[in-house]
There are 2 protein chains.
Amino acid sequence: MTSDHDQCANRRTDDGGRRVTSPRVTLMDVAKRAGVSRTTASFVMTGRRDMRISTDAEERVRRAARELNYRPSLLARSLRTNLSQTIGLLSDVIATEVFAGEMIRGSLSTALLRDHLMFIGETEGDPEVEKRLIQSMLDRGVGGFVYASMYTRRVALSKTLRAHPVVLLNCMARLRGIPTVIPDEREAGRTAVRALLRQGHRDGIVLVGEKAPHVIAAAERLAGVEEVLAQQGTELADSIDTLWWPDSSYRAVRSYLDAGNQPSALICLNDRIAMGAYQAAQEAGLVIPDDLSVISFDDSDMASWLQPQLSSVAIPHFELGRRAVEILLMDNRPTDIQRVPMPLRERGSIGPPAVRKRTRRARAR
Amino acid sequence: MTSDHDQCANRRTDDGGRRVTSPRVTLMDVAKRAGVSRTTASFVMTGRRDMRISTDAEERVRRAARELNYRPSLLARSLRTNLSQTIGLLSDVIATEVFAGEMIRGSLSTALLRDHLMFIGETEGDPEVEKRLIQSMLDRGVGGFVYASMYTRRVALSKTLRAHPVVLLNCMARLRGIPTVIPDEREAGRTAVRALLRQGHRDGIVLVGEKAPHVIAAAERLAGVEEVLAQQGTELADSIDTLWWPDSSYRAVRSYLDAGNQPSALICLNDRIAMGAYQAAQEAGLVIPDDLSVISFDDSDMASWLQPQLSSVAIPHFELGRRAVEILLMDNRPTDIQRVPMPLRERGSIGPPAVRKRTRRARAR
């Protein structure tokens, strides 16, 4: 029985414009093409001079690298020597969608580039587990910690942790003065509504999410939205109350539309809510964005799979992880809260308001 | 400015039936309710007898635990002492959707339960980086490695790695005799087609995926499908060629349906392909599962967000990670290939074939 497997299918080809992974050209490929050993190729590419290499061989390696479009791995370039130090990443839960993966990846790759190995530990939110993990990591020479939460929240830092270099990632301490990295959710709210204003929306903008969000990322997004609308002398036309999942949002938006409401644009508090809104709009015979614009937050994979592709303000997971480790490894760690910008991914789900277009068409006649 | 945040929104409530995270009842909650110290509560709950605790206090702690439905953390119970040993998880890429997160989580939680800390390293597929990481981990007392791939493939194990205990996770070595844990993709293919056969499908089953899949997980899934159909004296009615993304699948299925074809069921090689098939079916006015059944592989989050929810054969990410570490920590590691079962998540996307139902209705008249 053949037992070979390959799921790279999921990443190999991408006509949706996201995450293309082509086979990496390795140093070995360059060496083969140049007809030299991998070591020789390595010495040429890293500019080392402690081995005698003929000008001819050097030239062949450089040409092969150009022809193959070889990009030396950042890590390989950095890791001339073994990694000398160790940091620990403590997290409450390791895994919720892509969130964990990208945040860990941002932390880890930065640690490696900065010559550090990284332990990883999952506390399950249990202070006892956390204590053991911290002690075990300290026993192994861990010099500093990134303390991460998979959902942004306030945390109480243990005494042990406070006695060591620590950076909070996606969470905030009740205590002041601890370096903290979080996404800038309020600015994300401003970004989303500005994208709609640019298209000409103004008085028909409806929020889809929790009516009185006690979830603080949501409250911040909403605050940003309301602030910008107030500056324009207007406000949200309405809000549709829903839980955070497609089916809840589908039902809520469906009955809102069935009641005869005609929003010009929906601001959905995350991509899942937007997915439910799409399903409801489709059933109501509304074409996005011709009849209804939709914008959202998170920029999960799904955003680019919907039809039309969903405009969404992205959570910069990788960047959050990267910054946390960079700050941890600084000599003078900034003790204020670092808010990482959330970039807008503008796609086909937003356009001019329907009414306006009808007016334009009428004028054209 | 309020700077509090919370994205737990994404996980707090779930009326879609997946991943409900309720606030964890901690030992501290139990202690507070019982009116004792956390230490006392801990001694009661862990059954330790090296501290004198009154029968009354013990009884109050036990009652509080019952009333609060306290589940002691597995990790906390295990970690009586500091973690004594260390393993390393080496992966080509840390992050592709939820895959990485759950596989890391399965590995990590098993390592902790077995009294081991875990280093994590990302090689970027670069042998130079891999070598440095391995050496740095060995320098820090790592006793064994899990060598993981985010997509199943054949790998060449380095000499250094072969000289130490190692388990391959989601990849296979060219060399024989190395403990290996992979998902059972061929059986997954059998599982998917059997689910359709049970509903009465037989001669109208169409595959949606690569026509001649060189991706081996896909080839295995297809082989399982064809094997079971052959046993039933039939075969796939057709196959629709597509890339691995919703928009490619959407276009392919759309033109297949536009050409007048009437499949009774689609087997999609992953959930993304199924999402595109849903979009195409909807535009063609077909109701799933009344007019068309759809089944798929992966059981990503999206499967339960589609309308109707998608039946899918799950990749057991967590279990893959868990088994790899369990095998690594065995005294006598099995050297054969461990194929982890892929369970069917049956949801609303499959039903009896349309023709058959029409016949039934006709008879009923």
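## The 12-strand sheet

In this predicted model, an open sheet of 12 strands with mixed pairing runs in the order E11(A)-E5(A)-E4(A)-E3(A)-E1(A)-E2(A)-E2(B)-E1(B)-E3(B)-E4(B)-E5(B)-E11(B). Strands are DSSP runs of E with at least two residues, helices are runs of H or I with at least four, and both are numbered from the N terminus; two strands pair if DSSP finds at least two bridges between them. At the edges stand strand E11 (337-340) of chain A and strand E11 (337-340) of chain B, each pairing on one side only. From one strand to the next, the twist averages 25°.

Within chain B, strands E4 (residues 166-173) and E5 (residues 180-183) pair in the parallel sense over 2 bridges. Leu168(B) stands opposite Thr180(B) in E5(B).

## The 6-strand sheet

Chain B also holds an open sheet of 6 strands, ordered E7-E6-E8-E9-E10-E12, with mixed pairing. Strands E7 (238-241) and E12 (344-345) of chain B each have a single partner strand, so one side of each is left without a neighbour in the sheet.

Strand E10 (residues 311-314) of chain B runs antiparallel to E12(B), joined by 2 bridges. Ser312(B) stands opposite Arg345(B) in E12(B).

Helix H11 (residues 246-258) of chain B packs on the sheet, touching E6 and E7 of chain B, and its direction makes about 135° with that of E7(B). Contact means C-beta atoms, placed from the backbone, within 7 Å; angles run from 0 to 180 degrees between N-to-C directions of axes fitted to C-alpha atoms, for helices over the stretch in contact.

## Basis

Residues are numbered from 1 along each chain as its sequence is written, with chains lettered from A and ligands numbered from 1 in the order in which they are written. Local features need pLDDT of at least 70 and side-chain atom pairs count only at pLDDT 80 or more, while totals for chains, interfaces and linings use all residues.

Definitions and conventions: Two residues are in contact if their C-beta atoms, placed from the backbone, lie within 7 Å.
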